[in-house]
Amino acid sequence: MTNILNLTQYEATTDQLEAGVIEPDFGKEFIKELLTFEQHPTETEIRNRARRLAATALDISRGKRGKVMIDSASCLTPALIVELKKMGFTPLFSVTRRRTEKVVQSDGSVRKLAVLRHIGWVQP
């Protein structure tokens, strides 16, 4: 099974881990910071963050270029894909099946719970 580096701000699901996703052993908070925008980003900031994320992937993987699971703001995604490919990585999106389950609470109210299941990969 091929390892796929998780370069998202979220922890990998059990399904994703079983499909080969590995969590970074360092840098997760830094990844979250780079993926989070508190205000409208400039084009320069988007490109810089994409470069820094790709460089972080290289550091985390200890120079071993392989597959990387990504999930980012739509304004960042195209630049991130370009930068990862420049460094020799293969970016992947996790395809998920989404289902909503209704859970009746003890007070009679109903809580909706989104259940996401990983079903495969898409390479942009």
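Which residues does Val68 touch, not counting residues up to four places away in sequence? With contact taken as heavy atoms within 4.5 Å, Val68 touches Ile4, Leu5, Leu7, Leu84, Phe89, Thr90, Pro91 and Leu92. The structure is a predicted model, in which local features need pLDDT of at least 70 and side-chain atom pairs count only at pLDDT 80 or more, while totals for chains, interfaces and linings use all residues. Residues are numbered from 1 along each chain as its sequence is written, and side-chain values use heavy atoms, with hydrogens and water left out.

A nonpolar core is here a set of buried Ala, Val, Leu, Ile, Met, Phe, Trp, Tyr and Cys residues joined through side-chain atoms within 4.5 Å, where buried means under 20% relative accessible area, exposed means over 50%, and partly exposed lies in between (1.4 Å probe, protein chains only). The largest such core has 19 residues, of which Leu7, Leu53, Val68, Ile70, Leu80 and Leu84 touch the most other members. Helices H2, H3 and H4 each supply at least two residues of this core, and H3 gives the most, with 6 residues; helices (H or I, at least four residues) and strands (E, at least two) are DSSP runs, numbered from the N terminus. Apart from this core lies another, of 5 residues, among them Ala12, Val21, Met69 and Leu92. In soluble globular proteins, nonpolar side chains tend to be buried together.

Charged side chains form a second theme. With a salt bridge defined as a side-chain nitrogen of Lys or Arg within 4 Å of a carboxyl oxygen of Asp or Glu, the count comes to 8 salt bridges. One of them joins Asp25 and Arg62, at 2.9 Å from N to O. Because Asp25 lies in the loop between strand E2 (21-22) and helix H2 (28-35), and Arg62 in the loop between helix H3 (43-60) and strand E3 (67-69), this pair ties together parts that are 37 residues apart in sequence. Both Asp25 and Arg62 are exposed.

Other pairs lie within a helix. Lys32 and Glu29 meet in a salt bridge at 3.5 Å, N to O, and, being 3 residues apart in helix H2, they are separated by about one helical turn. Lys32 is partly exposed at 26% relative accessibility, whereas Glu29 is exposed at 52%. In helix H4 (residues 77-86), Glu83 and Lys86 are likewise 3 residues apart, or about one helical turn, and the closest N and O atoms of their salt bridge are 3.3 Å apart. Glu83 is buried, at 10% relative accessibility, while Lys86 is exposed, at 61%. Salt bridges with shared partners join Arg51, Glu83 and Lys86 into one network.
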